[in-house]
Amino acid sequence: MGASTLYSLGIALQALDAREAPHEEHLRLALARGLVRRGRWLFGTGLSILGWPLQIVALLLAPLVVVQPALAVGLLVLMFAGERMLGEPAGRYEYLCIVAILVGVAGIGLAAPPRSTAHTSDQLTLVVVLVALGAASLLPYLLRAVHRSPASITMVCAGLAFAWSGVATKLASDDLAHGHLLVAAAWGLSTAAASGVAVLSEMSALQSRPAIHVAPVVFVTQTVVPVVLAPLLFGESFAATPLSGVPLAASLALLVAGAALLVRSPLLLAVMEGERISLSSGSAASRSRASQATTPSRRDTDALEPSSSTINTSPARVGR
C-alpha cells in the first residue's frame, strides 16, 4: 500500500506537466527529454522511485501473486485525492469499484500460495520468458520504423513493459533475500530500463487515444501477466491454494475488473488530466459531459498528425 501510494502520487504530479507534447515526438526519446526539464514532473518521478524499495520489501514478505494485484490500492488514493482537489464527491459507480478492489485484495491475501524465493530451475525458461516480454514491449518502436504505430498495440506493449518490470522486481527481491546483492542491483537497473520504455509507450499511446481507453488496457496487462507467469517462474502455483485456486482466481478477477472500471471514472481521469470538470454523484449526465471533456473527437483521435496534440498520463502506471 505504501509503494502504491507513492506511485499514485508520483503519477498525479507527472500528469500535471505531461499534457502537452508535439506529435512528432511520438515514441521518441525527445518526449522524455522535454519532461525531465520540468521540476514538478521530476518530483513526481522521484516519488515513484521511492515507491520501488517498498515494493521490494513487500515481495520479501508476500508472494508476487499478492503484491502485484495489491498495487491497485493506489487507485483509491488517486480517487480520494480527486475528491479533495476537485471538490466533488465520488458516486455509486466509484464506490462499487472500491468495494470490488478491497474485496479482491482481501481474497487474494487469504487464498494466496506460499511465498517462494526460488526461481525456476530451468534457466532457459526464465530467459525465454524475459526475452519474449522484452521483445514484445519494443514492438511499437519496430513498427514506427516502418511508419506504423497503432495505438492499440502501443498501449498493450506498455503494459507488457510494466509486466517485465514487475517480474524483474520479484527477481531482485529473491536475490536480495539470498544475499546476492550485485545480481539484485542488476535486476533493479533492468527494472528502471523497462519502466522507462513502458512510460514512453504509455504517454505515446495517450497522444492518439484518450486515457479512458489507455488506462484499463495498460493496468490489466501489467497486473495479469506477472500473476500468470508466477507459477511458471516462481513456483507460486494456484493449485497449492484452497479449492485448487478457484477463490484466488475469483478474487483476482474481481480486483482486476474493479480497477479497470475505476480507471474509467471521470473523477479519476479528471485528476490525471489536471482539469476541474463538472461531476455530480453518480449522475449519468455528468459522466457523459466528463467523457466528452476527456475524449477527443473521432477525427482528432484518428488523425496521424493532429494540429494540436496533447499528451496525458494515465493512472494505469500505478500497478507497476
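**Labels and their cut-offs**

Modeller: Let's start with L243, in the loop between α11 (211–234) and α12. Helices here are DSSP runs of H or I with at least four residues, numbered from the N terminus. Bear in mind that this is a predicted model: local features need pLDDT of at least 70 and side-chain atom pairs count only at pLDDT 80 or more, while totals for chains, interfaces and linings use all residues. Residues are numbered from 1 along each chain as its sequence is written, and side-chain values use heavy atoms, with hydrogens and water left out.

Colleague: Fine. Why is L243 called exposed?

Modeller: Its relative accessibility is 66%. Exposed means over 50%, buried under 20%, and partly exposed in between (1.4 Å probe, protein chains only), so at 66% L243 counts as exposed. L243 also has a positive phi of about 55°, although it isn't a glycine.

Colleague: And what makes S244 exposed?

Modeller: S244 comes out at 59%, so it counts as exposed too. S244 is in the loop between α11 and α12, and it has a positive phi of about 55° without being a glycine.

Colleague: How do you know what span to expect for helix α12?

Modeller: The expected span is 1.5 Å times one less than the number of residues. Helix α12 (residues 246–262) has 17 residues, and it reaches 24 Å from its first C-alpha to its last, close to the 24 Å expected.

Colleague: S251 is in that helix. Why is S251 called buried?

Modeller: Its relative accessibility is 12%, so S251 counts as buried. Other residues are buried in α12, including L248, L252 and L255.

Colleague: What does S251 touch beyond its sequence neighbours?

Modeller: Leaving out residues up to four places away in sequence, S251 touches G104, G107 and I108, where contact means heavy atoms within 4.5 Å. The side chain of S251 also reaches the backbone oxygen of P247 at 2.9 Å. A polar contact is a pair of N or O atoms within 3.5 Å; within protein, one must be able to donate a hydrogen and the other to accept it, and residues adjacent in sequence count only if both atoms are side-chain atoms.

Colleague: Now the charges. What makes K170 and D174 a salt bridge?

Modeller: A salt bridge needs a side-chain nitrogen of Lys or Arg within 4 Å of a carboxyl oxygen of Asp or Glu. The side chains of K170 and D174 meet at 3.1 Å, N to O. Both lie in helix α9, 4 residues apart, about one turn of the helix. An α-helix has 3.6 residues a turn, so residues three or four places apart point the same way.

Colleague: Are K170 and D174 buried or exposed?

Modeller: K170 is at 0%, so it counts as buried. D174 is at 0% as well, so the label is buried again.

Colleague: Which side chain meets K170 in a salt bridge at 3.6 Å?

Modeller: That of E236, N to O. This pair links distant parts of the chain, with E236 in the loop between α11 and α12 and K170 in helix α9, 66 residues apart. E236 is buried, and so is K170. Salt bridges that share partners join K170, D174 and E236 into one network. The count comes to 2 salt bridges by this rule.

Technical notes
Helices (H or I, at least four residues) and strands (E, at least two) are DSSP runs, numbered from the N terminus.
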